[in-house]
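Please look at the sequence and the fold below before reading on.

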Amino acid sequence: MITLSIMLATIMQALDTTIANVALPHMQGSLQASQDQITWVLTSYIVASAIALPLTGWLCSQWGRRKVFLLSVIGFTVASALCGLATSLTGIVAARLLQGIFGAALVPLSQAVLLDINPPQKVGQAMAIWGAGIMVGPILGPMLGGWLTENFDWRWVFFINLPVGAFALYGIWRYLPENRPRALPLDMFGFVTLSLAIGLLQMFLDRGELLDWFDSWEIRLEAVGALVAFAFLAVHTWTVQGASFVDRELLKDRNFITGCVFGFIVGVVLYGTMALLPLFLQGLMQYPVVYTGVITAPRGIGTMIAMIAVGRLVQKVDLRVIMAVGFGLTALALWQMTHITLQMDSRLVVTSGFIQGLGIGFTFVPLSAAAFATLAPRLRNEGTPIYSLLRNIGGSVGISVVQALLTRGMAQSHANLATFIAPGNPALAQLPQAVGADPGAALALLNAEVTRQAALIAYVNDFWIMMAVTVLAIPLLVLMRPPRRQASQPAGDMPH
């Protein structure tokens, strides 16, 4: 019952990271907002969540994990209702800020609880359950959001959280025991610098493409501010006397640090790919939103199958081998996506999505288990937020990078293809007859086709880059230390 309750809360929060994306055009019309203004519905949630996430460990030390969990579920559910009831842009942005603040703790706390209530031999299965909840959001969110928006109203994207939040709240209140570690003093300077660094970085990544990156003064200020804040945080963490906001003990655990690096890479590849595919299918292939969700759903099926299998393999097979297989399958799926064409049917998307789902499952579960295998239990409340934070930042980086590369690649490919448009090109001989005697129509038709082909080339190049990142990450697995077999050891005595 504890597992069921906390996973309901986790799934609710994970869904809200992506479910609102497909409803943005409907919100824009209903709230009478411009395209630049409506993106704050997403930006406010991401930035608030990123700033509040590192505070989770300190809050648990002050109030206890159960109280923080209950308060987070209550706040997130109420904020969801406020989002659905909003009648202005200001109202929904404020409600999304509250959603991000209260929802930030749900994912890391659920991971910490599952690590604590399961013995070491069951950690693999526990992380499989947790990973399945985390993956539900980015995989099923767009499909569920599209279906709710088309069949009901965009407000139901938020109202759907109310019954889920109510069940999760009852289960946590009824079954989750209190866990209150030693009280920690708040390192205010560390918290402020980390919050500034993360908030400015998320703003930089989320708004960079919209504002044409470094051509905008806002983006330049955010980039410089994030770098300065990170520099102050690093120096402060290593030199401060006493406890620092980022516990230095975390930085001494090789598995945890390596796991965070791989979590960042997984975020880049997973969220980057998932940002590309809907744009390609809906933009170039002209697939409806719901059909796009249907043909990308096999990725979720593959993930679930892999997680069920890998949960039983974690105690029997070297975690690094399982992760290598996962990265290999992900690279294979991305290689398949480099063969997309404008004349293909949906089989390639379904097949590659299923294989990528298998790869994600074979990577995510052992990565979560390995990252915390050698970390002292007393550090879990501080470690799980950092792990989730780096995965989220990786996702933001992945989305921003692929979109920037896509925009630049389309412009370059369009210019390259335009050099072949010349009177002597035999492929253009029939164009005037195809559109009649109107030269303007002929040029418009020609430019539209060049734009489509340039976009296809840019998508293919992006998939090649994502595949290269995945392959290059595999050798880094040797840095991770395989955890010792602990079949008979109590859950609370994991070695540091």
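This is a predicted model: local features need pLDDT of at least 70, side-chain atom pairs count only at pLDDT 80 or more; totals for chains, interfaces and linings use all residues.

The structure holds 0 disulfides, a disulfide being counted when a pair of cysteine sulfur atoms lies within 2.5 Å. In general terms, a disulfide is a covalent bond between the sulfur atoms of two cysteines.

Residues are numbered from 1 along each chain as its sequence is written, and side-chain values use heavy atoms, with hydrogens and water left out.

**The nonpolar cores**

Which residues touch the most other members of the largest nonpolar core? Of its 93 residues, they are Phe-69, Trp-130, Phe-280 and Ile-340, where a nonpolar core is a set of buried Ala, Val, Leu, Ile, Met, Phe, Trp, Tyr and Cys residues joined through side-chain atoms within 4.5 Å. The largest share of this core, 16 residues, is supplied by α15; helices such as this one are DSSP runs (H or I, at least four residues), as strands are (E, at least two), and they are numbered from the N terminus. Apart from this core lies another one of 20 residues, including Leu-53, Leu-55, Ala-223 and Val-246. As a general background, nonpolar side chains tend to be buried together in soluble globular proteins.

Beyond the residues up to four places away in sequence, Phe-69 touches Ile-6, Ala-9, Leu-106, Leu-109, Ser-110, Val-113, Ile-172 and Leu-176, contact meaning heavy atoms within 4.5 Å. One of these partners, Leu-109, has its place in helix α8, which covers residues 106-117, and at 0% relative accessibility Leu-109 counts as buried. Once neighbours within four places in sequence are set aside, Leu-109 is in contact with Thr-56, Cys-60, Arg-65, Val-68, Phe-69 and Asn-381.

**Two helices that cross**

Two packed helices are described by the angle between their axes and the distance between the axes. For α15 and helix α20 (residues 380-418), the axes come within 6 Å and cross at roughly 40°; such axes are lines fitted to C-alpha atoms, for helices over the stretch in contact, and the angles run from 0 to 180 degrees between N-to-C directions. By class, the contact of α15 with α20 has 16 nonpolar, 9 polar and 1 charged residues, with Ala, Val, Leu, Ile, Met, Phe, Trp, Tyr, Cys and Pro taken as nonpolar, Asp, Glu, Lys and Arg as charged, and the others, Gly among them, as polar.

**Pairs along the chain and in space**

The table sets separation along the chain beside the C-alpha to C-alpha distance for several pairs.

| Pair | Separation in sequence | C-alpha distance |
|---|---|---|
| Trp-58 and Leu-186 | 128 residues | 6.9 Å |
| Ala-243 and Pro-185 | 58 residues | 7.4 Å |
| Leu-109 and Ile-257 | 148 residues | 19 Å |
| Ala-455 and Ile-51 | 404 residues | 35 Å |

Trp-58 lies in helix α5 (residues 56-63) and counts as partly exposed at 23% relative accessibility. Ala-243, which is found in the loop between α13 (217-239) and α14 (248-251), is also partly exposed, at 47%. Ala-455, by contrast, lies in helix α22 and is buried at 4% relative accessibility. Thr-470 has its place in helix α22 (residues 439-473) too, where it is buried with a relative accessible area of 1%.

Most residues other than glycine have a negative phi. Gln-286, however, has a positive phi of about 60° although it is not a glycine. Is this residue, Gln-286, buried or exposed? Gln-286 is exposed, with a relative accessible area of 59%, and it lies in the loop between α15 (254-284) and α16 (289-296).

Key. Buried means under 20% relative accessible area, exposed over 50%, partly exposed in between (1.4 Å probe, protein chains only).
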